[in-house]
Amino acid sequence: MAGSRKDVRARLQRAALELYSERGFDRTTAAEIAARANVTERTYFRHFPDKREVLFDGEAAMTRSLVDAVANTPAGLAPLPTLLDAFLSVAPIFAESDRELSERRHRVISATPELKERELAKHAHVTDAITTALEHRDVPPHLASLAARCGIAVLARVRVEWLAGDTRDYPTLLSDAFADLASLVDPSAG
């Protein structure tokens, strides 16, 4: 079964999630994912370098979007308001995700130490990229790093709330999480 590159990637991702959910990550091979997606194993490896990366597709594009959003935030904002503004500008990307597939992906990753480790490495990469983007806005390195780590923690909290079925929209979840962060620093802010 042929298809566009995007269609094939989507089929491979769905097949991987199905198999990982049914059998577990460790008991699933790339060949089995390819067969379930009705493509060859060679096609699988044209799209993904290993069986972990099928779950992390789009991370590089998301990182670029976040870095670009930080760079395009109006001048003069402090680091955390800069991140809120940047995250709000890319919120539609998060909100357009298929919640059911995202929930399944989250369950598979949470149940697999190797995948949790990979996800942490990806978060570290995004944190470093955001830190660098803030530094390019003349934020001192120690503050840029702290702000980036807080921002990633906010994104993680919002994702968990969204996956749990919170009915607030993504921008509201982001704004509320940043407000909670501000209240930790200044209790009178909350």
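Q: Where is asparagine 38 found?
A: Asparagine 38 sits in the loop between helix 2 (30-36) and helix 3 (41-47). The model is predicted.

Q: Why is asparagine 38 called partly exposed?
A: Its relative accessibility is 44%. Buried means under 20%, and exposed means over 50%. The value of 44% lies in between, so asparagine 38 counts as partly exposed.

Q: What is the phi of asparagine 38?
A: Phi is positive, about 65°, although asparagine 38 is not a glycine.

Q: Where is the place of aspartate 138, and what is its phi?
A: Aspartate 138 lies in the loop between helix 7 and helix 8. Its phi is positive, about 70°, and aspartate 138 is not a glycine.

Q: How do you know whether aspartate 138 is buried or exposed?
A: Set its relative accessibility, 71%, against the cut-off. Exposed means over 50%. Aspartate 138 therefore counts as exposed.

Q: Which residues make the contact of helix 7 with helix 8?
A: From helix 7 come His123, Val126, Thr127, Ile130, Thr131, Leu134 and Glu135. From helix 8 come Pro141, Ala144, Ser145, Ala147, Ala148, Arg149 and Ile152. By class they are 8 nonpolar, 4 polar and 2 charged. Helix 7 passes helix 8 in a right-handed crossing.

Q: Why is helix 6 called roughly perpendicular to helix 8?
A: The axes of helix 6 (residues 99-110) and helix 8 cross at roughly 115° and come within 10 Å. The roughly perpendicular range is 65 to 115 degrees. That angle therefore makes helix 6 roughly perpendicular to helix 8.

Q: Where do helix 6 and helix 8 meet?
A: Arg99, Ser102, Glu103 and His106 of helix 6 meet Arg159, Trp162 and Leu163 of helix 8. This contact has 2 nonpolar, 2 polar and 3 charged residues. Helix 6 passes helix 8 in a left-handed crossing.

Q: How do you know whether threonine 63 is buried or exposed?
A: Threonine 63 is in helix 4. Its relative accessibility is 7%. Buried means under 20%, so threonine 63 counts as buried.

Q: Which residues is threonine 63 in contact with?
A: Neighbours within four places in sequence aside, they are His125, Val126 and Ala129.

Q: Which residues of the largest nonpolar core touch the most other members?
A: Leu66, Leu83, Phe87, Ile130, Leu134 and Leu174 do, out of 30 residues in this core. The elements giving two or more residues are helix 4 (59-71), helix 5 (79-95), helix 7, helix 8 and helix 9 (170-185). Helix 8 gives the largest share, 9 residues.

Q: What does leucine 66 touch?
A: Leucine 66 touches Phe87, Val90, Val126, Ile130 and Leu155, not counting residues up to four places away in sequence.

Q: Which residues does the second, separate core include?
A: Among its 22 residues are Leu12, Leu19, Leu101 and Ile109.

Definitions and conventions:
Residues numbered from 1 in each chain as written. Predicted model: local features only at pLDDT ≥ 70, side-chain atom pairs only at ≥ 80, totals over all residues. Heavy atoms only, no water. Left-handed = near helix turned anticlockwise from the far one by under 90°. Helix = DSSP H or I, 4+ residues; strand = E, 2+ residues; numbered from the N terminus. Contact = heavy atoms within 4.5 Å. Nonpolar A, V, L, I, M, F, W, Y, C, P; charged D, E, K, R; others polar. Core = buried A, V, L, I, M, F, W, Y, C linked by side-chain atoms within 4.5 Å. Buried < 20%, exposed > 50% of the residue type's maximum accessible area, 1.4 Å probe, protein only. Axes fitted to C-alpha atoms, helices over the stretch in contact; angles between N-to-C directions. Parallel < 35°, antiparallel > 145°, perpendicular 65-115°, else oblique.
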